[in-house]
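Subject: A structure for you to explore

Hi there,

Here is the structure I promised to pass on.

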Amino acid sequence: VTLAQTDKTFRQHTIEALRSAIDDARRNNLTVNQGVLLLYQGIILARGIIDDAHLQQAVYSWEDCQSLYLASRYDLMETHRLAACYVTQYHFQQATKQGASAQESEQHFNKLLKISRIANTWAHSFRPTSFLASYYVHRDQPEEARKLFMEEMVDALDILSDRDPDNDFYG
């Protein structure tokens, strides 16, 4: 990933090699490999040459990576977590981008809301709450941000006070 950012030609060859490897992984039903390759493809596309087309391709890679996630596949959990974080970050940046139309901001905000809703089904620890709360603060709606964190704090206190030390990590 780091080397692919140093040279435009090498970057392009790396992306082509990743696409070929992703296709091979799909054909051979190697879900874990496919997920990791999609994650890295997105990272390479999002770094270096930054334009809307490359960013959109990166988001597609990360969304494809997330679609491979199954709660029963522990080995994909970290890959999914990273992809979810990158997609959430992208939609937050686009929703708060200076000069973006109200329609574009709303579209990306709605994607943040969708991610936030499905995040409760994820077995890993990433939650997009801070991105969503930051969006509300950015839009001068601090009460909405407080509501989000209040729900999280109530849940955390419940977990910490349930007399089960095994789940305190989540609180």
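D162 is partly exposed, with a relative accessible area of 35%; here buried means under 20%, exposed over 50% and partly exposed in between, using a 1.4 Å probe and protein chains only. You will find D162 in the segment after helix 7. Helices are DSSP runs of H or I with at least four residues, numbered from the N terminus.

Before going further, please keep in mind that this is a predicted model, where local features need pLDDT of at least 70 and side-chain atom pairs count only at pLDDT 80 or more, while totals for chains, interfaces and linings use all residues. Residues are numbered from 1 along each chain as its sequence is written, and side-chain values use heavy atoms, with hydrogens and water left out.

**Salt bridges**

How many salt bridges does a search of the whole structure find? There are six, a salt bridge being a side-chain nitrogen of Lys or Arg within 4 Å of a carboxyl oxygen of Asp or Glu.

Two of these pairs sit in helix 7. E143 forms a salt bridge with R146, and their closest N and O atoms are 2.6 Å apart. Because E143 and R146 are three residues apart in helix 7 (residues 142–160), about one helical turn separates them. E143 is partly exposed, at 49% relative accessibility. The side chains of E144 and K147 also meet in a salt bridge, at 3.3 Å from N to O. E144 and K147 are again three residues apart in helix 7, about one turn of the helix. Both count as partly exposed: E144 has 30% relative accessibility and K147 has 48%.

Elsewhere, salt bridges that share partners join D23, R26 and D64 into one network. Within it, D64 pairs with R26, the closest N and O atoms being 3.8 Å apart. This pair links distant parts of the chain, with D64 in helix 3 (residues 52–67) and R26 in helix 1 (residues 8–27), 38 residues apart. D64 is partly exposed at 34%, and R26 is partly exposed at 40%.

N29 has a positive phi of about 55° although it is not a glycine. N29 lies in the loop between helix 1 and helix 2 (31–46) and is exposed, at 62% relative accessibility. D140, also a residue other than glycine, has a positive phi near 60°. Its place is in the loop between helix 6 (129–138) and helix 7, and D140 is exposed, with a relative accessible area of 65%.

Finally, is S105 buried or exposed? S105, in helix 5 (residues 102–118), is buried, with a relative accessible area of 6%. Leaving aside residues up to four places away in sequence, S105 touches Q94, A95, A100 and R139, where contact means heavy atoms within 4.5 Å.

Happy exploring!

Technical notes
Helix = DSSP H or I, 4+ residues; strand = E, 2+ residues; numbered from the N terminus.
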